Amino acid sequence: MPSTQRFLIKEGPNAGKTVELAHFPFTIGRARDCDYVLDSTAISRLHARCTSDHQNIYLEDPGSTNGTFVNGRRLAPGEQYRLRAGDEVTFGQVCAWVFDDPATTAQIAPVRLPRPGLEIDEAAARVMVGGTLLYPPLSPNQFALLALLAANPGRIVTRDEVISAVWGAGVEVSDQTIDALVSRLRRRLLEADPDHDYIITRRGFGLMFQNR
């Protein structure tokens, strides 16, 4: 049964293609009888070989002139290096291959990515941005404004609605006070997520919230 291991050609001839390790030993070199031929004077007739013990794949340089390198380190002649997924192999500085082992890769625990965007927990007065708790917490007025906007995504929230939610209905609040509050809240959110503006100002109309 053919091996599932392979190399991905990163640089050099046939970049972007794959080299399937269908049997062992698998030979690499300039000689026409090699399993994979690298037609360059910098490559020895038998430059390198891959072997297997049915569990691991080993790379060996039998003594090439210009060397076989793994992750920048030249292999000693006759050294058997156990390949690991992601290892970058260079043959005589002619081409670079990356070892790919799907079986090994499948065993790697998946990386848990943070949830994008902003989440708000009104009961606990907490705000999460990109899966990270916003700290220090927002001031009560900042939180009240954000809660109002987040509850109305994509809709323009008027000045009167902001005053009612933050300070209370019928309270006289200047435009400068509202602008200062919006500016402080916007700055806190941009510090947590510099690549996204959650609060959009519609001049003459009000504010609008857009989540990621």
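1. Start with the contact between helices α2 and α4. On the α2 side, Asn141, Gln142, Leu145 and Leu146 take part. On the α4 side, they meet Leu181, Val182, Arg184, Leu185, Arg188 and Leu189. By type, the residues of this contact are 6 nonpolar, 2 polar and 2 charged. Keep in mind that this is a predicted model.

2. Now the geometry of that pair. Two packed helices are described by the angle between their axes and the distance between the axes. For α2 and α4 the angle is about 80°, and the axes lie 10 Å apart. Angles of 65 to 115 degrees count as roughly perpendicular. The two helices, α2 and α4, are therefore roughly perpendicular to each other.

3. Helix α4 also has α3 as a partner. Helix α3 covers residues 159-166 and helix α4 covers residues 175-192. Their axes come within 12 Å and cross at roughly 75°. From α3, the contact uses Arg159, Val162, Ile163 and Val166. From α4, it uses Asp175, Ile178 and Leu181. The count here is 5 nonpolar, no polar and 2 charged residues.

4. Next, the nonpolar cores. In soluble globular proteins, nonpolar side chains tend to be buried together. In this chain, the largest nonpolar core has 25 residues. Those with the most contacts inside this core are Leu118, Val127, Leu145, Leu146, Val162, Leu189 and Ile199. At least two residues each come from β13 (126-129), α2 (140-150), α3, α4 and β16 (206-209). Helix α2 gives the largest share, 6 residues.

5. Leu145 deserves a look of its own. Which residues does Leu145 contact, leaving aside its neighbours within four places in sequence? They are Val162, Val166, Leu181, Val182, Leu185 and Leu207. Leu145 is also one of the α2 residues that meet α4.

6. Is Leu190 buried or partly exposed? Leu190 sits in helix α4. Buried means under 20% relative accessible area, and exposed means over 50%. Leu190 has a relative accessible area of 31%, so it is partly exposed. Setting aside neighbours within four places in sequence, Leu190 is in contact with His196 and Asp197. Leu190 and Ala180 are 10 residues apart in sequence, and their C-alpha atoms are 15 Å apart.

7. Asp193 lies in the loop between α4 and β15 (199-202). Its relative accessibility is 10%, so Asp193 counts as buried. What does Asp193 touch, not counting residues up to four places away in sequence? The answer is Val129, Tyr198 and Arg212.

8. Finally, step back to the whole chain. The secondary structure comes to 4 helices and 16 strands. Of the 212 residues, 39% are buried. Take contacts between residues at least 6 apart in sequence: 36% of these join residues at least 24 apart.

9. The overall dimensions come last. A compact globule of 212 residues would have a radius of gyration near 17 Å, but this chain has 30 Å. Along its principal axes, the C-alpha trace spans about 90 × 30 × 30 Å.

Note on methods: Residues are numbered from 1 along each chain as its sequence is written. This is a predicted model: local features need pLDDT of at least 70, side-chain atom pairs count only at pLDDT 80 or more; totals for chains, interfaces and linings use all residues. Side-chain values use heavy atoms; hydrogens and water are left out. Axes are lines fitted to C-alpha atoms, for helices over the stretch in contact, and angles run from 0 to 180 degrees between N-to-C directions. Contact means heavy atoms within 4.5 Å. Ala, Val, Leu, Ile, Met, Phe, Trp, Tyr, Cys and Pro count as nonpolar, Asp, Glu, Lys and Arg as charged, and the others, Gly among them, as polar. A nonpolar core is a set of buried Ala, Val, Leu, Ile, Met, Phe, Trp, Tyr and Cys residues joined through side-chain atoms within 4.5 Å. Buried means under 20% relative accessible area, exposed over 50%, partly exposed in between (1.4 Å probe, protein chains only). Angles under 35 degrees count as roughly parallel, over 145 as roughly antiparallel, 65 to 115 as roughly perpendicular and the rest as oblique. The radius of gyration is taken over C-alpha atoms; the globule rule is 2.2 Å times the number of residues to the power 0.38.
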